[in-house]
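I opened the notebook to record what I looked up in this structure. The entries follow in the order I made them.

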Amino acid sequence: PQIENGVGMVPLFMRDAERTLRSARHMGDFKVTVITGASAFGFVSEFATKLAEKTGVHIVTTAVENRLFGKSVTVSGLVSGKDIFATLDSKDIGKALLVPDVMLKEGEGMFLDDISLEKLKEMLKCRIIVFESSPRGFYTALKSLK
């Protein structure tokens, strides 16, 4: 229950972030954008900054405002495809947009508003990589780009 309601997720995230940073290696000079919900932004942003220092990758962390359910809904799992588009339209995303898997309906490759990954890719005109929602998952996705 503590994991599901978010209380236990932060310590798990921090522990995984420490382990991931210890093993992170330089990858080269390229830019990516990673998205998250507003509630996780501080933790994700701090990890991304440290990971960027270790890897040489320019990582832009962006919190997506929830327009579908309202600004008070800040969790990553309730972000919609249209919200992502509204946040990133006309932005320089870099080599790829990294999307945590919790933003998609399980096993469907669709956001809550029925926007598919392919549709979002067309709308933003960028490569999209879905990653397991953890520091290790993010690092693995980054390694796939080098």
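Two strands count as paired if DSSP finds at least two bridges between them. I kept in mind that the model is predicted.

Entry on strands. I looked up strand E1, residues 31-37, and strand E2, residues 58-64. They pair in the parallel sense, over 7 bridges. Gly37 has Val64 in E2 as its bridge partner. I then followed the chain from E1 to E2: the path goes through helix H2, residues 41-55, and this β-α-β crossover is right-handed.

Entry on aromatic rings. How many aromatic pairs does a search of the whole structure find? The search gives 3. I noted Phe13 and Phe47 as one of the pairs, with 6.1 Å centre to centre and 80 degrees between the planes. Planes over 60 degrees apart count as edge-to-face, and this pair is listed as edge-to-face. Phe13 sits in helix H1, residues 9-23, while Phe47 sits in helix H2, so the pair links distant parts of the chain, 34 residues apart.

Next I looked up Phe131 and Phe138, which also form an edge-to-face pair, at 5.4 Å centre to centre with 65 degrees between the planes. I wrote down that ring pairs link Phe13, Phe47, Phe131 and Phe138 into a cluster.

Entry on burial. Are Phe47, Phe131 and Phe138 buried or exposed? The cut-off for buried is under 20% relative accessible area. Phe47 counts as buried because its relative accessibility is 6%. Phe131, at 8%, counts as buried, and Phe138, at 4%, does too.

Last entry. I found Lys95 over the face of Phe30, at 4.7 Å from the ring centre.

How values were computed:
Residues numbered from 1 in each chain as written. Predicted model: local features only at pLDDT ≥ 70, side-chain atom pairs only at ≥ 80, totals over all residues. Heavy atoms only, no water. Helix = DSSP H or I, 4+ residues; strand = E, 2+ residues; numbered from the N terminus. Right-handed = clockwise from strand over helix to strand, strands pointing away. Phe/Tyr/Trp six-rings, centres within 6.5 Å; stacked < 30°, edge-to-face > 60°. Buried < 20%, exposed > 50% of the residue type's maximum accessible area, 1.4 Å probe, protein only. Lys NZ or Arg CZ within 6 Å of the ring centre and 35° of its normal.
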